[in-house]
Every structure is written in C-alpha cells, then in structure tokens.
Amino acid sequence: MNIKSLTLKNIRSYKRKTIEFPNGNILLSGNIGAGKTSLLLAIDFVLFGLRKNNVSGNGLLRKGEDEGFVELNFEINDKDIIIRRNLKRSGDKISQ
C-alpha cells in the first residue's frame, strides 16, 4: 500500500488540511502537539471506523464543530483507491 494523500476536515487540531505523501518511506517528526498522532488516528479511523476503546468520535471531531471527515487516497497493485469517512455530531453523540 502506498499512501498518496490524506485530507482532514475538523479532525482534532486540523481545521482543513490535505497532506501529499511522496513515494517511499515516510518519517513523521515534530514537536509535541504538532499533529503526528492525529494523522495516525485519522488513518486508523478512515480504514477501520470508530471502535470501542480505541478511536472515539469525541477523540477525533474537533471541539466545537458539528461535522468532519477523513479522506485517504492510496494505491494498491497500481489501482488508486479513495476512502472517506464522515463524523457528525447530533446532540451529545458523534456518529460516523
């Protein structure tokens, strides 16, 4: 699997961001609070969805926002695949 891009809207500290990944190995580095874990949680969410005791809607959706999404563009066996998962707040509950 080769990740090509990741788009986040209202996910944790990211208001709106698209990250293009180069081919090859990638190293995420930065100061504490720079958003490295947010990127990994977003990839986990878009691939596997919300899971009890792992990734929660409250832990992903940006505080004060009602909607957000993660979109992952990747390539497997020379085939482009795009996966998108949405989050929506309804009262005090967040669903995908």
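In which helix is S38 found?

1. S38 is found in helix α1, which covers residues 36-48; helices here are DSSP runs of H or I with at least four residues, strands are runs of E with at least two, and both are numbered from the N terminus. The model is a predicted one, in which local features need pLDDT of at least 70 and side-chain atom pairs count only at pLDDT 80 or more, while totals for chains, interfaces and linings use all residues. Residues are numbered from 1 along each chain as its sequence is written, and side-chain values use heavy atoms, with hydrogens and water left out.

2. S38 counts as buried because its relative accessible area is 5%, where buried means under 20%, exposed over 50%, and partly exposed in between, with a 1.4 Å probe and protein chains only. When neighbours within four places in sequence are left aside, S38 is in contact with R12, S13 and Y14, contact being defined as heavy atoms within 4.5 Å.

3. Five strands make up an open sheet whose order is β2-β1-β3-β4-β5, with antiparallel pairing; two strands are said to pair if DSSP finds at least two bridges between them. The edges are formed by β2 and β5 (93-95), each of which pairs on one side only. From one strand to the next, the twist averages 10°, with axes taken as lines fitted to C-alpha atoms, for helices over the stretch in contact, and angles running from 0 to 180 degrees between N-to-C directions. Helix α1 lies across β1, β2, β3 and β4, and runs at about 100° to β4.

4. On the β2 side of the sheet order, β1 and β2 are joined in the antiparallel sense by six bridges, and L6 stands opposite I19 in β2. Their hairpin has two residues between the strands, and R12 takes a positive phi near 50° there; R12 is also among the contacts of S38.

5. Strand β1 (residues 2-11) is linked to strand β3 (residues 67-76) by seven bridges, and these two strands run antiparallel. S5 stands opposite N73 in β3, while the bridge partner of N73 in β4 is I82, so that a reader can follow N73 to both neighbouring strands. Between β3 and β4 there are 10 bridges, again in the antiparallel sense, and in their hairpin, with two residues between the strands, N77 has a positive phi near 50°.

6. Is R16 buried or exposed? R16, which is found in strand β2 (residues 14-20), is classed as exposed because its relative accessible area is 54%. Not counting residues up to four places away in sequence, R16 touches L8, K9 and F69. The C-alpha atoms of R16 and N54 are separated by 23 Å, the two residues being 38 apart along the chain.
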